[in-house]
Amino acid sequence: MNKQEVYAYLTEQKISYEVMEYRALSFASPDELFSIMKLIPGAVTPLGILNDEKRRVHFYLDQEFQENKIGIHPNENTATIWLQADDLMRLILVHGNEAEVVEIG
């Protein structure tokens, strides 16, 4: 489904929703993902940002996660670590990447 089809489907299912348009965001290609974050598709985790030597990745955290523990992969999808979302934000900011808390839903 494309974006318009998703909107139509949500309406058809009587699901209330809001649309927020953002500046052009994009997902990395598998090659970019590996070259920037040293990750492979299927194993993407916020901690991959710590491999971003040029600080190109901008991180967004949904405000609903603030002051909560979240589970994330330690750069492989064979394990999960639990930490406070605020600690994750601090790690990313100390590393030098941009990070924002936003309202997503």
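**View 1. The side chain of Thr 45 comes to 2.6 Å from the backbone oxygen of His 73.** This pair is a polar contact (N or O atoms within 3.5 Å; within protein, one must be able to donate a hydrogen and the other to accept it, and residues adjacent in sequence count only if both atoms are side-chain atoms). The model is predicted, so local features need pLDDT of at least 70 and side-chain atom pairs count only at pLDDT 80 or more, while totals for chains, interfaces and linings use all residues. Residues are numbered from 1 along each chain as its sequence is written, and side-chain values use heavy atoms, with hydrogens and water left out. Thr 45 sits in the loop between α2 (30–37) and β1 (58–62). Helices (H or I, at least four residues) and strands (E, at least two) are DSSP runs, numbered from the N terminus. Thr 45 counts as buried because its relative accessibility is 3%; buried means under 20% relative accessible area, exposed over 50%, and partly exposed in between (1.4 Å probe, protein chains only). Neighbours within four places in sequence aside, Thr 45 is in contact with Met 37, Leu 39, Ile 72, His 73 and Asn 75. Contact means heavy atoms within 4.5 Å.

**View 2. The largest nonpolar core holds 17 residues.** Such a core is a set of buried Ala, Val, Leu, Ile, Met, Phe, Trp, Tyr and Cys residues joined through side-chain atoms within 4.5 Å. Met 37, Ile 49, Phe 59, Ile 72, Leu 88 and Ile 92 touch the most other members. At least two residues of this core come from each of α2, β1, β2 (69–72) and α3 (85–95). With 4 residues, α3 gives the largest share. With neighbours within four places in sequence left aside, the contacts of Phe 59 are Pro 46, Ile 49, Leu 88, Met 89, Ile 92, Glu 98, Ala 99 and Glu 100.

**View 3. The buried residues of α3 are Ala 85, Leu 88, Met 89, Ile 92 and His 95.** Seen down the helix axis, these residues fall within an arc of 130 degrees, so they line one face of α3. The arc is that of the directions from the helix axis to the C-beta atoms. The buried residues of α3 pack against β1, β2, β3 (81–84) and β4 (98–102). After α3 comes Gly 96, with a positive phi near 110 degrees.

**View 4. Lys 38 and Arg 55 are shown in the loop between α2 and β1.** Lys 38 is not a glycine, yet its phi is positive, about 60 degrees. The relative accessible area of Lys 38 is 39%, so this residue is partly exposed. Arg 55, also not a glycine, has a positive phi of about 55 degrees. Arg 55 counts as partly exposed because its relative accessibility is 38%.

**View 5. Ala 28 lies in the loop between α1 (3–12) and α2.** Its relative accessible area is 41%, which means that Ala 28 is partly exposed. From Ala 28 to Pro 41 the C-alpha to C-alpha distance is 9.5 Å, and the two are 13 residues apart in sequence. For orientation, the chain has 3 helices and 4 strands, in the order α-α-β-β-β-α-β from the N terminus on. Of its 105 residues, 25% are buried.
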